[in-house]
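Student: I would like to learn how to read local features from a set of coordinates. Could we take them one at a time, starting with a single side chain?

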Amino acid sequence: MTNAPLNILKISSSSRSGGSVSRQLTDRVAQRFLAENSGATVVARDVVSGLLPISEDWIGASFTPAEQRSEAQQDLLKVSDELVSELRAADILLIGLPIYNFGVPAALKAWIDLVCRAGETFRYTEAGPEGLLKGKRAIVSVASGGVPVGSPMDHATNYLTQVLGFIGITDVTYVSATGLASDPETPLRAAETEIDGLDYQTAA
Ligand SMILES: Cc1cc2nc3c(=O)[nH]c(=O)nc-3n(C[C@H](O)[C@H](O)[C@H](O)COP(=O)(O)O)c2cc1C
């Protein structure tokens with residue numbers, strides 16, 4: 001870490017704007033970072049609306065070398081470029097992850113598809129792909145109705161760990177409120193306690 005003010009990128013992916021546990025937990029983590037790091041800033045990115053699935057033309061543009069891209073191809077990549085810039089600028093990545101149908105929300109998958117960019121966030125080497133976003137720390141706040149994090153039914157967190165590692169983010173912490181369908185309070189309180197016990201002084 002440098003001594004520059006901490007840049008925090010907060011990704012929200014719950015389709016619920018009110019009553020969302022993952023948003024509530026992610027906000028709590030962000031507040032803790034702000035309280036303990038003077039000058040820290042938060043960029044909030046809500047991925048629920050506005051991100052389109054990648055298209056055939058988008059893939060073509062993405063794999064065309066930057067200097068050979070047409071204006072139309074550059075336009076197609078604009079949103080992705082913006083998301084990649086946000087991610088590159090972040091020291092700390094906070095992700096709110098509701099479990100939907102045993103996996104990540106489609107909105108978060110759309111964001112993932114837009115930020116996994118060859119030559120930008122990872123590159124191919126003779127030894128295999130290499131993530132290019134090094135030195136960042138991610139904290140993921142998970143909410144689920146019943147699926148326990150790390151159980152065989154959880155196809156969200158292993159996947160997210162894989163994807164983040166693929167682009168170079170290997171310092172990933174999960175805090176989770178699971179089993180909310182049967183008990184909305186106890187798992188939430190436990191997650192809050194877990195969040196309050198995290199280290200906010202140091203980043204990756
Ligand atoms: C469309 C949908 C699908 C869901 N699928 C699952 C699931 O597969 N497993 C599970 O444990 N909970 C599931 N849930 C419950 C959510 O994970 C739970 O409500 C969680 O609190 C959602 O996050 P949020 O509070 O941030 O919106 C689902 C909820 C919705 C709305």
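Tutor: Let us do that, keeping in mind that this is a predicted model. S151 has a relative accessible area of 15% and therefore counts as buried, since the cut-off for that word is under 20%.

Student: Where does S151 lie, and which backbone oxygen does its side chain reach?

Tutor: S151 belongs to the loop between strand 6 (137-143) and helix 6, and its side chain reaches the backbone oxygen of P148 at 2.8 Å.

Student: Is P105 buried or exposed, and which residues does it touch?

Tutor: The relative accessibility of P105 is 2%, so P105 is classed as buried. Its place is the loop between strand 3 (92-98) and helix 5 (106-115). Leaving aside residues up to four places away in sequence, P105 touches S13, L97, P98 and Y100.

Student: Moving on to helix 5, how many of its residues are buried, and what do they pack against?

Tutor: Helix 5 is mostly covered, with seven of its ten residues buried. These are A107, L108, A110, W111, I112, L114 and V115. As for their partners, the buried residues of helix 5 pack against strand 1 (7-12) and strand 3, and also against helix 2 (56-62), helix 4 (78-89) and helix 6 (157-166).

Student: How should I read aromatic rings, and how many aromatic pairs does the whole structure contain?

Tutor: A pair of aromatic rings is described by two quantities, the distance of the centres and the angle of the planes. Searching the whole structure gives three aromatic pairs. In one of them, the ring centres of F122 and Y124 are 5.3 Å apart and the planes stand at 90°, so this pair is edge-to-face. The two partners can also be read by their accessibility: F122, with a relative accessible area of 4%, is buried, whereas Y124, at 57% relative accessibility, counts as exposed.

Student: What geometry does the pair of F122 and F166 have?

Tutor: F122 and F166 form a tilted pair, with 4.4 Å from centre to centre and 40° between the planes. This pair links distant parts of the chain, because F122 sits in strand 4 (residues 122-125) while F166 sits in helix 6, 44 residues apart. F166 has 28% relative accessibility and so counts as partly exposed. Taken together, F122, Y124 and F166 form one aromatic cluster.

Student: Finally, how many residues surround the ligand, and how do the residues of that shell divide by type?

Tutor: The ligand is surrounded by 16 residues, and the closest are S14, R16, S20, S22 and G146. By type, the shell divides into eight nonpolar residues, seven polar ones and one charged.

Notes:
Residues are numbered from 1 along each chain as its sequence is written. This is a predicted model: local features need pLDDT of at least 70, side-chain atom pairs count only at pLDDT 80 or more; totals for chains, interfaces and linings use all residues. Side-chain values use heavy atoms; hydrogens and water are left out. A residue is near a molecule or strand if one of its heavy atoms lies within 4 Å of it. Ala, Val, Leu, Ile, Met, Phe, Trp, Tyr, Cys and Pro count as nonpolar, Asp, Glu, Lys and Arg as charged, and the others, Gly among them, as polar. Helices (H or I, at least four residues) and strands (E, at least two) are DSSP runs, numbered from the N terminus. Buried means under 20% relative accessible area, exposed over 50%, partly exposed in between (1.4 Å probe, protein chains only). Contact means heavy atoms within 4.5 Å. Rings of Phe, Tyr and Trp (its six-membered ring) pair if their centres lie within 6.5 Å; planes under 30 degrees apart count as stacked, over 60 as edge-to-face and the rest as tilted. A polar contact is a pair of N or O atoms within 3.5 Å; within protein, one must be able to donate a hydrogen and the other to accept it, and residues adjacent in sequence count only if both atoms are side-chain atoms.
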